[in-house]
Amino acid sequence: MLLTAEKLEKRYGAKVALAGIDVQVAAGEVLGFLGPNGAGKSTTMRILSGVIGADGGRVVIDGHDLADDPIAAKAALGYLPEAVPLYPELRVVEYLAFRAELKGVLRKYRVSYIEEAMQKARVTDVAYAPIGTLSKGYRQRVGLADALVAKPKLLLLDEPTAGLDPAQIVEVREVLRGLGPEHGVLLSTHILSEVEAVADRAIVIDHGKVVAAAAVTELRAADPAFLIGVSSTDVALALLKPFAGRVVATVAEGGAVRVALVAGSAEGRDGVAEEVVAAFVGGGVGVRSVVPERPRLEEVFLALTRSRAEQP
Amino acid sequence: MRGFWPLFKRELLVFYATPLAWVLAFAFLTVQGLHFYALLASIASSPEVSDQSPLQAFFGETVILYFVQFMLVIPPLTMRLFAEERGRGTIELLLSAPITPLALVLSKYLAALLTYVLLWFPTLFYVFVIARTGYVDPAVVATSYLGVFLAGAALLAVGTLCSALVRSQFLALILTAFVILLFFVGGLFTFLTKDGTVAHAVATHLSLWTHMMDFSSGIIDSRHVVFYSSATIVPLYVTTRIVDGWRWA
Ligand SMILES: Nc1ncnc2c1ncn2[C@@H]1O[C@H](COP(=O)(O)OP(=O)(O)O)[C@@H](O)[C@H]1O
Ligand SMILES: [Mg+2]
């Protein structure tokens with residue numbers, strides 16, 4: 001594992017920001033780090049990058065414990081803070097030269113590394129502009145170039161598309177998609193489509209705890225449901241009474257019933273669908289269509305975080 | 001000390017890329033020039049009255065002027081060192097980089113110290129002019145500048161510490177100015193306390209006033225050197241601990 005963080009805890013006074021977070025990132029993997037605002041994403045990112053200390057837990061980056069050997073651990077990471085702090089008085093190349101030297105890039109590689117980072121982050125056209133004069137989209141990508149400049153094995157990107165307009169978001173996402181094979185990436189965001197667009201795997205946190213961890217495709221398949229087009233929704237609902245406890249049935253638009261498997265049920269979606277359709281046909285309800293519902297990550301996310309909020 | 005050079009270079013670049021250093025240099029050298037002119041004029045008008053060498057007068061007699069200079073020059077040189085990085089959030093960029101807290105503190109401090117030394121450098125011209133008009137003891141010149149250097153080194157270290165204590169540059173400025181003022185007011189106690197008492201000994205030991213008088217008379221008192229060395233090292237050490245502590249906060 002490129003990054004292993006175990007049982008991270010952080011308190012701000014009486015407020016618990018992190019209550020035991022585990023994160024693992026493998027080399028070459030893009031891990032989405034999802035959570036609503038205030039979930040503890042930035043706090044986790046700051047701990048992983050060595051900017052603040054945790055009250056408990058352990059961080060190992062590329063085999064180096066962040067507490068015991070901070071220099072070696074930090075040499076393996078590139079960090080893009082959420083607020084993208086930069087030095088406005090420096091030009092982009094001056095800034096990247098400073099950062100490359102600070103991160104220990106040898107003189108003979110510096111020029112080529114800087115050029116490569118500017119290309120990847122698409123800021124070559126503003127190389128000689130003072131950072132203070134750049135638009136938010138460009139500043140975000142200068143921050144990204146900074147994170148990339150020393151070719152770190154691990155990238156920690158804290159909400160890299162926050163505050164950008166749609167065109168800029170598309171640009172940054174394109175950059176992010178290209179990072180996969182060379183770097184392990186931990187990408188924090190509160191926008192699910194971002195994870196769908198660029199990540200392989202995601203973990204979802206809320207109130208300082210991990211509430212789900214899975215491949216993006218698996219996350220989407222959680223809490224399965226299907227829509228059945230029927231000749232009579234009333235009769236269909238009545239026929240579903242014997243399934244109480246196994247499924248939740250509701251009337252959906254266009255003369256259909258939505259049949260959702262009860263969360264946590266071990267039953268296969270397809271098996272249940274067959275049983276339900278058989279019951280409908282047997283009860284004299286015409287079945288027009290059966291469509292498995294593929295819930296968007298947004299819905300999964302809401303379901304996961306809501307259920308946590310309901311059990312304090 | 002990993003990271004020292006890039007940090008040191010950037011710090012100097014910022015000093016000279018912003019108007020601050022140039023405004024300071026202009027104001028400082030103007031005041032020093034006027035001071036020097038007034039001194040020469042008074043010596044020229046009544047050469048037999050003074051029992052001091054012109055140089056002693058330049059560096060020693062007008063200690064109050066020194067305090068004004070220290071108060072005007074040192075706090076602006078150090079106020080932004082850490083307060084600005086924390087205010088802007090760029091401190092995250094530094095703390096996540098593979099550098100040591102000691103390199104971070106020393107690079108910033110030494111950049112301020114070098115700027116301070118460069119500010120004083122042109123005053124050698126005045127000394128050169130005095131040397132042309134009368135006798136100047138090279139030893140006195142050397143010890144005088146040593147005094148200016150040691151006092152500046154210590155006060156800049158205090159300023160660096162103040163900048164790490166607060167997030168606001170303005171607060172850091174005020175805090176540093178107050179500490180310098182404290183040294184000055186403390187020095188007054190050498191005149192208020194009786195010779196031979198403990199209070200007098202303490203006041204004398206801490207008084208920048210007494211120190212400058214000795215340095216400008218060509219005297220290097222090892223106690224003064226020890227005082228300034230510790231007044232430099234202790235604040236820098238504490239600053240390093242504070243910066244290291246941010247990782248655990
Ligand atoms: N410096 C701080 N002092 C006090 N509380 C903080 C501080 N930083 C974060 N918090 C709190 O910790 C929680 C997690 O914050 P954060 O990690 O910024 O969330 P996210 O990045 O997921 O939006 C929030 O409730 C926030 O108010
Ligand atoms: Mg955040």
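1. B:E85 touches A:Y87 in the other chain as well as B:R10, B:E11, B:R80, B:T90, B:I91, B:L94 and B:K108, leaving out residues up to four places away in sequence; contact here means heavy atoms within 4.5 Å. The residue sits in helix α5 of chain B, residues 80–88. Helices (H or I, at least four residues) and strands (E, at least two) are DSSP runs, numbered from the N terminus.

2. The model is predicted: local features need pLDDT of at least 70 and side-chain atom pairs count only at pLDDT 80 or more, while totals for chains, interfaces and linings use all residues. Residues are numbered from 1 along each chain as its sequence is written, chains are lettered from A and ligands numbered from 1 in the order in which they are written, and side-chain values use heavy atoms, with hydrogens and water left out.

3. Is B:E85 buried or exposed? With a relative accessible area of 2%, B:E85 is buried. Buried means under 20% relative accessible area, exposed over 50%, and partly exposed in between (1.4 Å probe, protein chains only). The side chains of B:E85 and A:Y87 are joined by a polar contact of 2.7 Å. A polar contact is a pair of N or O atoms within 3.5 Å; within protein, one must be able to donate a hydrogen and the other to accept it, and residues adjacent in sequence count only if both atoms are side-chain atoms.

4. B:S96 lies in the loop between α6 (91–95) and α7 (101–120) of chain B. Its relative accessible area is 5%, so B:S96 counts as buried. Apart from residues up to four places away in sequence, B:S96 touches A:S49, A:V51, A:K74, A:L77 and A:Y79. A polar atom of the B:S96 side chain is 3.4 Å from the backbone oxygen of B:L93. Between the C-alpha atoms of B:S96 and B:V136, 40 residues apart along the chain, the separation is 53 Å.

5. B:T239 belongs to helix α13 of chain B, residues 222–246. B:T239 is buried because its relative accessibility is 0%. Setting aside neighbours within four places in sequence, B:T239 is in contact with B:F82, B:V105, B:T160, B:L161 and B:A164.

6. Oxygen atoms of ligand 1 lie 2.7 Å from a backbone N or O atom of A:G38, 3.0 Å from a backbone N or O atom of A:G40 and 2.8 Å from a polar side-chain atom of A:S42. On its own, ligand 1 has 560 Å² of accessible area, and the protein covers 64% of this.

7. Helix α4 of chain A (residues 107–121) has 15 residues and spans 21 Å from first C-alpha to last, close to the 21 Å expected at 1.5 Å a residue; the expected span is 1.5 Å times one less than the number of residues. A:R110, A:Y113, A:I114, A:A117, A:M118 and A:A121 are buried in α4(A). Their cover includes α3 (92–102), α5 (136–148) and α6 (166–177) of chain A. After α4(A) comes A:R122, with a positive phi near 60 degrees.

8. Chain A as a whole contains 11 helices and 14 strands. Of its 312 residues, 49% are buried.

How values were computed:
Accessible areas come from the Shrake-Rupley method with a 1.4 Å probe; for residues, only the protein chains shown count as cover.
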